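Thank you all for coming.

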Amino acid sequence: MPQLLLELFSEEIPARMQAQAAKDLERLAREHLAAAGFLPEALKTFAGPRRLTLVAEGLPLAQADRKEELKGPRVGAPPQAMEGFLRKAGLTQDQLVERDGVYMAFIEKKGRPTPEIVAEMVEAIVRGFPWPKSMIWGTKKLRWVRPLKRILCVLDREVVPFAIEGIPSGDVTEGHRFMGDAKPFVAKDFDEYVAGLEAHYVVLDVEERKQRILEGCKTLCFARHLELVEDQGLLDEVAGLAEWPTPVLGDMDPAFLDLPPEVIRTSMRTHQKYFAVRKAGEEGLAPHFITIANIQAADGGAVIAAGNAKVLSSRLSDARFFWDEDVKVGFEPWLDKLNGVTFHAKLGTMAQRVERIVALAGEIAPLVGADVEKTREAARLAKADLASQMVGEFPELQGIMGGYYARQFGLDGEIADAVRDHYKPQGPSDAVPTAPVSIAVALADKLDTLVGFFKINEKPTGSKDPYALRRAALGVIRIILENGLAMALKTTLTKALRQSSFVHEEVEEGFVGAGPEVAADLVAFFADRLKVALRDQGKRHDLVDAVFALGDDDLARIVARVEALDGFLKTDDGKNLLAGYKRASNILKAEEKKGALPTGAPEAPTADSAAEVGLYNALRLLDKPLKDALAKEDFTGAMTQLAELRGPVDAYLDGVFVNEPEHRDNRLRTLAAVRDAMGQVADFGLIGG
Amino acid sequence: MSREKPKSFQSLILTLHDYWSRQGCIILQPHDVEVGAGTLHPATVLRALGPKSWNAAYVQPSRRPGDGRYGENPNRLQHYYQYQVILKPNPENMQDLYLGSLEAIGLDLRTHDIRFVEDDWENPTVGAWGLGWEVWCDGMEVSQYTYFQQVGGLDVSPVAGELTYGLERLAMYVFGVDNVYDLPFNDPDSPLGATTYGDVFLENERQQSEANFHGYDVAVLKQQFEQMEEQVPLMLARSYQNKALVLPAYDMVLKASHLFNLMNARGAIAVAERASYIGRIRDLCKLCASAWVEQQEAA
């Protein structure tokens with residue numbers, strides 16, 4: 001069956017947009033083909049620095065003919081209805097057939113030739129392509145990510161003829177800009193295309209380009225007893241910057257190795273897109289780098305290596321200049337500068353934020369076993385490096401530089417570490433701080449952010465979370481859970497809220513919502529984040545709901561309960577007891593509709609029923625051990641106690657008729673007692689079957 | 001005109017002039033008001049707007065007061081030269097023309113690693129932005145390449161393509177010189193004696209750095225800025241032969257912009273104020289841009 005090959009050849013496409021562009025091209029093509037009734041046997045897309053490519057296998061040369069049945073007006077319907085129908089169907093009345101009192105039209109639709117459909121599809125895709133940013137050029141009105149130069153479009157080795165804004169389709173494309181003959185070549189199918197690209201020094205598939213980069217890097221490293229410092233993000237990026245990626249190893253002046261390794265790596269990575277290397281089996285960096293060139297130079301890359309080395313030297317000289325200038329200045333003048341830095345128009349300056357964090361960190365310190373004075377000092381210094389030159393140049397080194405400078409100035413190690421680590425965790429793969437002072441400052445930092453933005457009603461909505469509040473909340477959750485901290489969230493949030501109002505009354509007018517409402521909002525927000533976090537660990541969200549319904553706000557305790565509950569419900573006793581709970585609560589709900597339920601504890605059963613006596617006794621025996629287990633926060637123990645109810649509850653529900661008039665009230669009290677006892681552990685009503 | 005590889009800073013400029021002249025550009029001279037970048041020359045900011053075609057190349061001395069290093073940094077200068085090319089509408093083969101200019105100045109494109117790396121240029125003070133790249137040669141940014149989409153807050157249609165070469169940096173690279181002050185300004189074998197970039201500019205960097213960081217009186221700068229700001233609308237309100245005086249008004253915007261840069265270098269502008277100053281200059285620039293487009297479309 002015929003094959004479709006499409007290539008949209010343009011000037012250089014930003015590396016960060018390529019992967020998504022390949023996905024979008026695939027999705028759009030599948031949608032268009034499906035709408036035309038085509039189901040390709042295989043469809044694959046590729047993206048690279050200068051081209052988006054699609055190959056679809058197994059398309060017919062034309063659509064199949066289709067018969068359509070259209071239901072028209074009833075016999076005897078008003079003439080206007082018939083006229084309208086005929087107009088729509090493009091038929092005359094004698095072409096209609098009467099069936100069961102209704103006029104029917106049978107229309108034969110001739111299948112259209114595939115090239116026509118492909119031409120329309122390509123035009124629609126090109127004109128509607130969801131580039132994150134697009135442009136116009138020259139005198140054209142067409143939008144593309146950068147000027148679109150050529151469209152190669154062949155179906156079954158024939159050019160599909162069309163033109164978009166004066167750009168004609170064809171069977172010609174170009175390879176590498178500089179290597180080989182650098183002349184356009186013809187490709188009539190995918191095999192010719194891939195072979196042509198290879199002969200013209202272009203690797204089509206991004207995964208192959210990455211492979212080539214990694215292997216090339218490893219070969220270079222191996223020869224010099226070096227190891228590549230792997231960096232997936234950088235690999236993804238450089239694979240989008242070169243059509244013929246060729247790693248080149250260059251030398252760095254070892255004198256720069258006295259700069260912090262983060263500075264060297266950031267300088268290499270963000271400015272120059274170089275990989276760092278280290279000596280095999282050693283920590284720290286080696287005085288070399290690997291750049292990924294787009295060309296296999298005749299001289300083996302000597303000129304490229306030398307040129308890049310020079311650029312790196314001047315970058316690192318700049319970094320050294322910033323370091324030297326920064327250590328002359330120091331924390332106090334930086335803190336002073338923070339008075340002039342707006343954190344957010346409604347939340348005051350960075351200096352005001354620092355005051356709030358200091359106060360809050362001081363209150364959190366005793367809860368996490370941190371020295372209060374050290375914590376307050378660390379919080380006071382934590383944001384100072386934002387005013388340093390180095391962080392001005394490399395914003396991603398915030399905190400890290402503060403830590404280095406604190407040590408450089410001879411500050412206490414715990415304080416320096418807290419300054420360094422208080423932004424952590426910065427993402428799901430980042431570790432949480434574990435030292436008490438660092439924990440206190442990290443929590444205060446995040447809570448101040450959360451409370452502030454909730455107060456001014458800048459909450460995340462849908463996919464929008466410009467202040468990364470979800471990440472901040474998840475950070476708080478992870479710090480608490482991974483360090484096993486016992487901390488009442490509401491109390492802590494209320495403390496944070498109090499800081500944010502009493503320290504700076506002047507920003508108060510920008511606030512919406514009173515303190516308690518904001519606190520409630522925030523607790524709900526944390527509950528949501530915790531659910532997401534637990535769900536990511538494979539915990540059922542209904543169990544999380546069932547535990548949250550108890551109103552506890554100690555995250556560690558909530559998680560322990562969820563875990564115990566999860567374990568219990570996996571046992572036979574758990575499953576059956578849950579079923580029993582549902583039956584009991586259904587009966588109670590049904591009876592409640594008839595009037596208020598009787599209150600009070602059940603009395604000893606008067607009827608001669610083993611099942612009744614059994615459950616009555618089981619409930620009485622359960623009471624104290626359950627309360628004890630809960631008081632000790634021994635949730636597994638509490639579940640074990642509940643398991644004792646399973647047999648009696650089953651027997652009761654199977655053998656006792658609740659609505660016997662003389663016993664009804666006491667029996668309902670018994671069922672309510674079962675519900676209440678279980679309700680101390682979780683709201684079982686929220687748990688799915 | 002010789003087509004040999006350039007050997008000095010000035011012959012690099014002459015080679016670029018020769019190359020772009022051969023492509024059909026008019027070769028202009030610098031604008032005579034202090035600017036922070038070659039883009040701000042009215043030959044780019046204003047000529048990019050309106051329906052008319054415009055192809056020009058020129059050198060523009062550029063001042064960035066905050067980048068002064070007293071002549072002690074081998075790469076950073078508070079006064080340097082940009083080579084600017086503006087092609088409106090951008091020709092289909094603009095990338096090839098650009099690469100041709102690199103070959104003209106002696107770069108072998110099969111030995112060096114030339115890359116177009118995403119960099120969406122914007123200049124908020126003139127309300128301008130475009131899509132394009134930084135062009136890298138062996139990891140060194142040698143040019144900025146932009147397809148202007150908006151200038152002065154107005155759509156650029158037809159689109160103008162802009163090339164900016166940082167001349168000192170490019171020269172250092174081409175001549176293999178590590179310190180900008182060691183660049184040969186003229187032919188090292190000149191019968192009248194060799195002159196380096198340092199001979200011409202080192203003292204200037206020292207004195208201007210001191211003035212930029214400590215010399216200018218902040219109160220005076222602020223006053224001058226405010227005066228310029230007031231004058232722009234007044235100048236635009238005047239006209240000659242039924243045309244608003246947009247060219248002199250634009251010069252005043254440039255002056256205001258330079259005064260802002262000086263205040264910034266003196267550390268006189270708090271971070272919070274920066275955006276508001278930039279917004280004020282942008283508003284003035286937008287006034288000029290609209291008036292200019294009106295005149296272009298009427299003509």
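When I speak of helix axes, I mean lines fitted to C-alpha atoms, for helices over the stretch in contact, with angles that run from 0 to 180 degrees between N-to-C directions. Helices (H or I, at least four residues) and strands (E, at least two) are DSSP runs, numbered from the N terminus.

What you see is a predicted model, in which local features need pLDDT of at least 70 and side-chain atom pairs count only at pLDDT 80 or more, while totals for chains, interfaces and linings use all residues. Residues are numbered from 1 along each chain as its sequence is written, and chains are lettered from A, and ligands numbered from 1, in the order in which they are written.

As to confidence, the model scores ipTM 0.94 and pTM 0.79.

Let me start with helix α1 (residues 15-35) and helix α3 (residues 114-127), both of chain A, whose axes come within 10 Å and cross at roughly 140 degrees. α1(A) and α3(A) are therefore oblique to each other, given that angles under 35 degrees count as roughly parallel, over 145 as roughly antiparallel, 65 to 115 as roughly perpendicular and the rest as oblique. The contact is made by L25(A), L28(A), A29(A) and H32(A) of α1(A), together with M121(A), A124(A) and I125(A) of α3(A); here two residues are in contact if their C-beta atoms, placed from the backbone, lie within 7 Å. By class, these residues are six nonpolar, one polar and no charged, where Ala, Val, Leu, Ile, Met, Phe, Trp, Tyr, Cys and Pro count as nonpolar, Asp, Glu, Lys and Arg as charged, and the others, Gly among them, as polar.

A second pair in chain A is helix α11 (residues 372-381) with helix α14 (residues 413-421), whose axes come within 9 Å and cross at roughly 45 degrees, and α11(A) and α14(A) are therefore oblique as well. K374(A), E377(A), A378(A) and L381(A) of α11(A) meet E414(A), I415(A), A418(A) and V419(A) of α14(A), and this contact divides into five nonpolar, no polar and three charged residues.

Finally, how many residues does each chain bring to the contact between chain A and chain B? Chain A gives 31 residues and chain B gives 30 residues. On the side of chain A, the largest share, seven residues, comes from α8(A), and that side divides into 15 nonpolar, ten polar and six charged residues.
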